[in-house]
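Dear colleague,

Please find the structure below for your records. I would be grateful if you would read the notes after it with the model open.

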Amino acid sequence: MVESTKGEEQKASFKQEMEGFKALFTRFRSAKAKTIEWEKIRPPKEDLVVPYADLKTCDAPRVKALASKLVVLKLNGGLGTTMGCTGPKSVIEVRSEQSFLDLTVQQIKELNMANGSDVPLILMNSFNTHDDTLKVINKYAGITNAKILTFNQSRYPRILKDSLLPMSKEADGDKEHWYPPGHGDVYRAFANSGLLDTLIAQGKEYVFISNIDNLGATVDFNMLSYMDENKVDFVMEVTDKTRADVKGGTLIEYEGKAKLFEIAQCPPSKVDEFKSIKKFKIFNTNNLWVSLKSMKELVEQDRMTDTDVIVNNKKVQGKDVIQLETACGAAVEFFNNARGINVPRSRFLPVKSTSDLFVCQSNLYQLNQGTLVMSPKRPYPSVPLVNLGEQFKKVSDFQSRIKSSPDVLELDQLTVSGDVYIGAHCTFRGTVIIVANHGNRIDIPDGSILENKVVSGNLRILEH
């Protein structure tokens, strides 16, 4: 396939990608994509996970000094298809007609203006999002204090499950035959792009990595200061597990080292125990702080050769295929001095579905300089558990079925299922369940107040 690539530069780049794929495929074939031995799992040692409350507060001069060393990197490889949208997920409007990308750029602008710094925003795109992202970021060209750089993560061939041969025979074949290999590719792709060396040469020392759809993942100088003072190479932000986080990867000690333990690595007989909040009390937010020099050494010395492989089964064009992926948090075991910091729940606010979008667009949050902050009117700090049914799955359907965001300041749990429409200026408190059975429709009238209520059957308000 390398020889089918046109142009020497493209050929060299593709060869680099295929070397990465070959290493990943070799690990998969040599049975290194195995499940973890349950008996060897230990909870992380006390000194491995530091409570956020124990960190020193960073003063203004220290913040300015640290800002000059920092780079912010957002993982921007995902599409909005699961929410019924086309193009990069980062351009979906999430709050006040602003997208994930709009809010991120605003955060970087405000940070640089406040500290007289030049923290760049770096986007790791995939081949699925790159072209559209380049078009979108043109609108930020006139914004000062918000320098945007981009690079592409790798592009690997999907593998036919029965033969273990690649779907594609050519480098420039059908896009459906290729996939971006998960965010664990960030270290190799960042180094291969040349940006890593450029930033180190400019005096940058640290990178803050997070998913672009996590609205809670903002720069926190208390964590960066802790990292800098203690010569820590890698920090993983973890937070306390709730009922909504049972599938999230957790930080463990395994054979004397810190390790990220994902549900995909769990023996089938132990899945329920993995989901238990009692046994595994924290989970990985995928907010990571990494030393740039340590990252460079990690890639150059090829120290991640034993990274756990995640096998993702898919059906593409009617064929059973597998995608081999890695998680960026899995790198924790390969850094010499790694730590976890147990952060407040507010730093984990992902938008993976319209249920999450419902929460973020509600009066539960206020927008402050590109950052969502929980309303002081919320009586308790927890986020309500919201589950909207299939009819709300696409953003367009979500918007058509909810006239305006209800008041949810006192909401604990909301479940909506079936053909349901919610009127304007409603208020939901406590636990609210709205279920329209098959063939029925429920219209919640404008101004309705539902507190600890179950609404079912058929309810429709007709205009006359």
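Predicted model: local features only at pLDDT ≥ 70, side-chain atom pairs only at ≥ 80, totals over all residues.

Residues are numbered from 1 along each chain as its sequence is written, and side-chain values use heavy atoms, with hydrogens and water left out.

Helices (H or I, at least four residues) and strands (E, at least two) are DSSP runs, numbered from the N terminus. Strand 13 (residues 250–254) is largely enclosed by the rest of the structure, because five of its five residues are buried (under 20% relative accessible area with a 1.4 Å probe, protein chains only; exposed is over 50%, and partly exposed lies in between). Thr-250, Ile-252 and Tyr-254 point one way from the strand, Leu-251 and Glu-253 the other. In a regular strand, side chains alternate between the two faces of the sheet.

Two strands pair if DSSP finds at least two bridges between them. Strand 1 (residues 41–42) runs antiparallel to strand 13 and is joined to it by two bridges; Ile-41 has Tyr-254 as its bridge partner. Strand 14 (residues 257–261) is also antiparallel to strand 13, over five bridges, with Ala-258 opposite Glu-253. Two residues lie between the strands of this hairpin, where Glu-255 takes a positive phi near 50°.

An open sheet of eight strands has mixed pairing and the order 2-18-12-15-11-3-6-7. Strand 2 (49–51) and strand 7 (148–152) stand at the edges with a single partner strand each, so one side of each is left without a neighbour in the sheet. Strand 6 (residues 121–125) pairs with strand 7 in the parallel sense over five bridges, and Leu-123 has Thr-150 of strand 7 as its bridge partner.

Helix 4 (residues 130–137) packs on this sheet, touching strand 3, strand 6 and strand 7, where contact means heavy atoms within 4.5 Å. The direction of helix 4 makes about 170° with that of strand 7; axes are lines fitted to C-alpha atoms, for helices over the stretch in contact, and angles run from 0 to 180 degrees between N-to-C directions. His-130, Thr-133 and Ile-137 of helix 4 are buried. Seen down the helix axis, the buried residues fall within an arc of 60°, so they line one face of helix 4; the arc is that of the directions from the helix axis to the C-beta atoms. On the face turned away from the buried side, helix 4 carries the exposed residues Asp-131 and Lys-135.

Yours sincerely
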